[in-house]
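Visitor: Please take me through one part of this protein in close detail. I would like the surface first, and then the charged pairs.

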Amino acid sequence: MLSLERFEEAAEVVKRVTQETKLVYSDYFSATTGNRVYLKPENMQFTGAYKVRGAYYKMSTLTEDERQKGIITASAGNHAQGVAYAAKCYGVKATIVMPTTTPLMKVNRTKGYGAQVVLYGDVYDEACAHAYKLAEGHGYTFIHPFDDEAVATGQGTIAMEIFKELPLVDYILCPIGGGGLATGVSTLAKLLNPKIKVIGVEPAGANCMEESLKLGKVTTLAAVNTIADGTAVKTPGSIIFPYLQKNLDGIITVEDSELVVSFLDMVENHKMVVENSGLLTVAALKKLEVKGKKVVSILSGGNMDVITMSSVVQQGLILRDRIFTVSVLLPDKPGELSRVASVVAKENGNVIKLEHNQFVSINRNAAVELRITLEAFGTEHKQQIMKALEREGYQPKVVRTNI
């Protein structure tokens, strides 16, 4: 049972391996949402995510015999690192089964804590099934990443810290993959103050908890499709599901495109790197239909590899109209390129790249294509540049392209 006594015990235990992640008040998100928004930066933990809480507390509850058999788990990355680190602290062997799609950085960091990594399956659920087989075959002790009361208790210590810093919190936004974090946070929040609202946030392409709560039973999705790899789960936990039915006050789903622009918001306004699953609660802020409330967004992790990061930044700039490519047809004669450049310069557009295609038409005198990739301040500035080109007699067309 998840009890107040267990949560208090866990809060003391996890202090051995966690960094203090004090709430960060966000002027930016407060201004844009009309609420008082605070961020709980679990991306600043030593392992880069909150998962070390549940993993370490679970490890503390095992018998010496269970530890010495060796530990095994399945994870898309953050739980893997949490278990690997906890196992290192206790001096026990750890085997981690990770989906083949797991970012290389998460794989290498897990190995860096001394764990043996086995790559299997395309999604977490397939990796988990394989981990169970290995556990049975080798006698390992299995630590489930979310469907375990002790693990959920460890994750719930986040709520204890939030409450101590902000006793009058109104809303807590919590990312959901399988539901372990949301179970711990919502259960403890209701024990401390039944008036606190806890809202779960899922990727729209992996909304297993929303579907399960809607149907009143644990439900498996046919497939998941999201850039939030840490929450790409087909089936939520069955052991913890009753807790969520009782304590969760609602679900918000977020599209991948919303996560992309939220990454830019966090980097530019808070100088923080937060992984896609951790950005779920940031993207959900604008979907919370309340005003004047004290809202805490849990940033669950920051383990994003550089390649993913560069892709997210690029797509975010495009989605925000901070970067766009315009195609202009013009006669192939001296001075035309200079004329177009002059128009753009007058509107303070910053040219990033030029592509001159002389073979767009058989009649080069009639038309050659100039593609200009520009940096703008946003949608309004982009439209201003487009209108200026139109006034000069051009017919600019925005084209979809990579930077």
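Guide: L337, V351 and L354 make a nonpolar surface patch of about 250 Å². The model is predicted. L354 has 47% relative accessibility, so it counts as partly exposed. The cut-offs matter here: buried means under 20%, exposed means over 50%, and partly exposed falls in between.

Now a charged pair. R339 and E336 join their side chains in a salt bridge, with N to O at 3.7 Å. Both residues belong to helix α16, residues 336-346. They are three residues apart there, so about one helical turn separates them. What is the relative accessible area of R339? It is 35%, so R339 is partly exposed.

Move on to another pair. The side chains of D148 and K58 form a salt bridge at 2.9 Å, N to O. Where do the two residues lie? D148 is in the loop between β6 (141-142) and α8 (149-155). K58 is in helix α3, residues 52-61. The pair therefore ties together parts that are 90 residues apart in sequence. Buried or exposed? D148 counts as buried, because its relative accessibility is 13%. K58 is buried as well, with a relative accessible area of 15%.

Strand β6 deserves a stop of its own. T141 lies in this strand. At 11% relative accessibility, T141 counts as buried. Which residues does T141 touch, leaving aside its neighbours within four places in sequence? The contacts are L62, E66, K69, G70, I71 and I72.

Next, E20 and K22. Their side chains meet in a salt bridge, and the N to O distance is 3.4 Å. E20 has 66% relative accessibility, so it counts as exposed. K22 is partly exposed, because its relative accessible area is 46%.

Charged residues also link up in a network. Salt bridges connect K40, E42, R53 and E161. How many salt bridges does the structure hold? The count is 20.

Now step back to the charges of the protein chain. It carries 44 positive and 43 negative side chains. The centres of these two sets lie 2 Å apart.

The fold comes next. The protein chain has 17 helices and 14 strands. Its C-alpha trace spans about 85 × 50 × 40 Å along the principal axes. Take the contacts between residues at least 6 apart in sequence. Of these, 73% join residues at least 24 apart.

Finish with burial and surface. The protein chain has 403 residues, and 56% of them count as buried. Its accessible surface comes to about 17700 Å². Carbon and sulfur atoms account for 51% of that surface.

Back to the starting point, for a last look.

Key:
Residues numbered from 1 in each chain as written. Predicted model: local features only at pLDDT ≥ 70, side-chain atom pairs only at ≥ 80, totals over all residues. Heavy atoms only, no water. Patch = residues over 30% accessible without salt bridge, like charges linked within 9 Å, V, L, I, M, F, W, Y side chains within 5 Å. Areas by Shrake-Rupley, 256 points an atom, 1.4 Å probe, with all protein chains shown as cover. Salt bridge = Lys/Arg side-chain N within 4 Å of Asp/Glu carboxyl O. Buried < 20%, exposed > 50% of the residue type's maximum accessible area, 1.4 Å probe, protein only. Helix = DSSP H or I, 4+ residues; strand = E, 2+ residues; numbered from the N terminus. Contact = heavy atoms within 4.5 Å. Lys, Arg positive; Asp, Glu negative; His and termini not counted. Charge placed at Lys NZ, Arg CZ, Asp CG, Glu CD.
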